[in-house]
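Here is a short briefing for a reader new to this structure. Start with the view below, then take the topics one at a time.

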Amino acid sequence: QEKEELIEEWQPEPLVPPVPKDHPALNYNIVSGPPTHIITVNGKECINFASFNFLGLLNNEKVKSAAQSSLKKYGVGTCGPRGFYGTFDVHLELEERLAKFMRTEEAIIYSYGFATIASAIPAYSKRGDIVFVDEAACFAIQKGLQASRSNIKLFKHNDMADLERLLKEQETEDQKNPRKARVTRRFIVVEGLYMNTGDICPLPELIKLKYKYKVRIFLEESLSFGVLGQHGRGITEHFGINIDDIDLISANMENSLASIGGFCCGRSFIIDHQRLSGQGYCFSASLPPLLAAAAIEALNIMEDNPDIFQTLRAKCEWIHKALQGISGLKVVGESFSPALHLQLEESCGSRENDVKLLKRVVDYCMNSGIALTQARYLEKEEKCLPPPSIRVVITVEQTEQELDKAASLLKEAAQSVLN
Amino acid sequence: MLVAVLTYVGYGVLTLFGYLRDFMRQWKIEKCQNATEREEQKDFVPLYQDFENFYNRNLYMRIRDSWNRPICSVPGAKVDMMERVSHDYNWTFTYTGRVIKDIINMGSYNYLGFAQKTGACQEAAAKVLSQYGAGVCSTRQEMGNLDKHEELEKLVARFLGVESAMAYGMGFATNSMNIPALVGKGCLILSDELNHASLVLGARLSGATIRIFKHNIISGADMQSLEKLLKDAIVHGQPRTRRPWKKILILVEGIYSMEGSIVRLPEVIALKKKYKSYLYLDEAHSIGALGPSGRGVVDYFGLNPEDVDVMMGTFTKSFGAAGGYIGGKKELIDYLRTYSHSAAYATSMSPPVVEQIITSVKCIMGEDGTTIGRARVQQLAENTRYFRRRLKEMGFIIYGNEDSPVVPLMLYMPAKIGAFGREMLKRNIGVVVVGFPATPIIESRARFCLSAAHTKEMLDTALKEINEVGDLLQLKYSRRRLVPLLDRPFDETTYEETED
């Protein structure tokens, strides 16, 4: 009887709290037409400085025609996961090509970029294992770590001394309990080019730490694949490191390769394990063949034109220099990074006000023909929330006049809004 | 009973052999064919525990050729497969270069037959591909929200009969990224025993407390178990603090893909209303496949879609594309647009895929001016009933509801898993066999996925071959024999049931 009363009285919270109408993330920009170099946002034509189309392959005719012929042969969807008649010859070809390009033994393809690293980490690192991860790791890595239930130890961004301190602490812990230490796996997860801060990780020092403390390295190369290195092979080529020293390289194909999906590459010993225990691989439909064909063609173009990487890096240096000295905004990111952030030099006090101020800068630029966007984060979910910023993306298709125009427009906007 | 004992014996023998071979491999009597660790890293902590891989090395490797079969044509009713042989007992495969043509495909999730390379859907997708390109290179909240996405979401909301909808690039990711946005610490999730990995992952990532209720094979979801859990939860509150729960979310699926059972939606909705909890319905397999107009399990039971708080589904199965969606009230979708992990960090859907979904949804609704959609939905229902009835007549044990297009046929013994897959392939029929760990260890099965694209001749051929293989492998376990109907295949008349 009492139970009935309790059931009557209990009132749950509403399923979702109401969202205020002017929340900055609620009103999306509507892009009509393809999100290529010239983009029509909310009805206005602008030059695109916001899509991660680094090599300009989104509108490439060869890529589109390869996808068209694949569409004519296979239709759109694959109607099944890889295990049950969802493996097409295009997938096998793409995996071989990626492995050959990156000079590793094997590669495995996922159908969604976010799911790639978020499924790869829990496949190897389980409860009780230890993962050392950089503070500025992107959200997908954070979700992968959360799903793995391992012990997470954050070290300050790009601070090798901090990492070494943590590793030494772990070593002393191990000596207290050697039996447990013999079965606890250890990993370091870093990104090649960090999405949240635009700088690169010091890979040679990491390799030294790896062999000294016997930890395995997982490298996430979403932004550096197709950008760094003489042939676009990423940060290992940039530093000239033997690719076998890195245990697992994971990247998504949604930036340089202008397709959808992601891949992991490395030695067969490591990659083969994901074919049975990668959740996003086994329990999800495979990549539509037209997107796989587009990625193969994009890879062909990358291999045939190795000078676009140098062109891209030159443009990045140009704009990095041009954006210095804007009053009120500081440039965050390496000089050769194609994805920069512009942060406020002095914060107004609250994050909300900073966001509003940056929105006015972005709107000013959009009204004058340059499409920019603010970097979006989920404020409550991130472990280390980066400060609000404007994301500036450089692509090979942008001419020098356009880069200059963007720089001068940003200067104007900063002047008018921030002063 | 006998079958269960024999199954355990079978696994026992395999396990013994496994230990024997591991022993021989360790003592170098037998060659170790696995890939191994690098020389420089041999003194690192081993990446895989030996025991974890025991199943992989010894049982899975023997029958590995039943899975990951590569195909090279549209995954329609008939498919072409690349032939592959193994000279070292499945450790490596080589492709002979030949293609086995016209295998009847009973494994792809092609319920309404939209996996086609010609037709209105494909042409529309080709046009959008040449206009928009293949990728998007940005997230929904940044620069990736195309007008096509807005069009798709309005259409999906209209199709489902809800106020608003939002689409995502991957079905698995839809669950794993939105359940954490809806519930958090201090909430309770009641999830069915047999829920899909994406629902389990989403529930775990959310940080809420998870309680599992039993899945009753005959009636779909055990209502008593669920009711008991609900009562206990409200009365006792959170485990240690005794504070009341913030929200209770019930996770169920429309059709369970390994059982073929349909959830008992009217009863779940009644319970949900009585105990003021929220319902999350995952219609991955049932959207497009159930219901007189193809609108899923809600349509099948004739209920009001507004009773289900969160309607989730995927576009991979019945619509021949890729991706997932969530539909519900406008406040819910607005909240998800702002706070969903996928909207802020994951790329939006590719435009040709979006166009394929738009055309196929319009086709099912009949808005493109033809009756193809309606005809396909009816064809699927007829195929389902016919196929299931014939299999039961032959004497196999079939799980699942009468109307579900997912038909699991029980095999039980480990040796038969491999044998069934290979025999059916020899006869040009592609089937899917599943064993541990997707199913309980003694309940391995073969699963048929029916499609509106299967004609009666194809079904008859398949049934004949299944009959032969069933006799060959002694799979007809059923002790109930149905007297076959004389010559009225699609009639719903009653039939006699005789006990053996």
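A salt bridge here means a side-chain nitrogen of Lys or Arg within 4 Å of a carboxyl oxygen of Asp or Glu. By that rule, one salt bridge crosses the interface of chain A and chain B. The model is predicted.

**The interface of chain A and chain B**

- Chain A brings 112 residues to the contact, and chain B brings 113 residues.
- About 10,100 Å² is buried between chain A and chain B. Carbon and sulfur atoms give 64% of that area.
- On the side of chain A, the residues that lose the most area to chain B are A:Trp10, A:Tyr28 and A:Tyr85. Together they make up 10% of what that side buries.
- Between chain A and chain B, 30 residue pairs are in polar contact, with both residues at pLDDT 80 or more.
- Helix α2 (residues 61-74) of chain A gives the most to the side that touches chain B, with seven residues.
- Sorted by class, the side of chain A that touches chain B has 58 nonpolar, 27 polar and 27 charged residues.

**Strands that pair between the chains**

- Strand β4 (residues 87-88) of chain A pairs with strand β1 (residues 70-71) of chain B. The sense is parallel, and there are two bridges.
- A:Phe88 has B:Ile71 in β1(B) as its bridge partner.

**Salt bridges**

- Side chains of opposite charge can pair when their charged atoms come close.
- Which side chains meet in a salt bridge at 2.9 Å, N to O? They are those of A:Arg391 and B:Glu142.
- Over all chains, the whole structure has 46 salt bridges.
- Within chain A, the side chains of A:Glu106 and A:Arg275 form a salt bridge (3.0 Å, N to O).
- That pair links distant parts of the chain, 169 residues apart. A:Glu106 is in strand β5 (residues 106-110) of chain A, and A:Arg275 is in helix α10 (residues 268-277) of chain A.

**A four-stranded sheet in chain A**

- The sheet is open and has four strands, in the order β1-β2-β3-β14 (chain A). The pairing is mixed.
- At the edges are β1 (31-32) and β14 (370-371) of chain A, and each pairs on one side only.
- Strand β2 (residues 38-41) of chain A runs antiparallel to β3(A), joined by four bridges. A:Ile38 has A:Ile47 in β3(A) as its bridge partner.
- β2(A) and β3(A) make a hairpin, with two residues between them. In the turn, A:Asn42 has a positive phi of about 50°.
- Strand β3 (residues 44-48) of chain A runs parallel to β14(A), joined by two bridges. Here the bridge partner of A:Ile47 is A:Ile370 in β14(A).

**A three-stranded sheet in chain B**

- This open sheet has three strands in the order β11-β14-β13 (chain B), with antiparallel pairing.
- Why is one side of β11 (406-410) and of β13 (432-434) of chain B left without a neighbour in the sheet? Both stand at the edges, so each has a single partner strand.
- On average, neighbouring strands of this sheet are turned by 30° against each other, direction ignored.
- Three bridges join β13(B) to strand β14 (residues 445-449) of chain B in the antiparallel sense. The bridge partner of B:Val432 is B:Arg447 in β14(B).
- Helix α13 (residues 372-394) of chain B lies across β11 and β14 of chain B. The helix runs at about 10° to β11(B).

Technical notes:
Residues numbered from 1 in each chain as written. Chains lettered and ligands numbered in written order. Predicted model: local features only at pLDDT ≥ 70, side-chain atom pairs only at ≥ 80, totals over all residues. Heavy atoms only, no water. Contact = heavy atoms within 4.5 Å. Buried area = accessible area lost by both parts, 1.4 Å probe. Polar contact = N/O pair within 3.5 Å; in protein donor to acceptor, adjacent residues only side chain to side chain. Nonpolar A, V, L, I, M, F, W, Y, C, P; charged D, E, K, R; others polar. Pairing = 2+ DSSP bridges. Axes fitted to C-alpha atoms, helices over the stretch in contact; angles between N-to-C directions.
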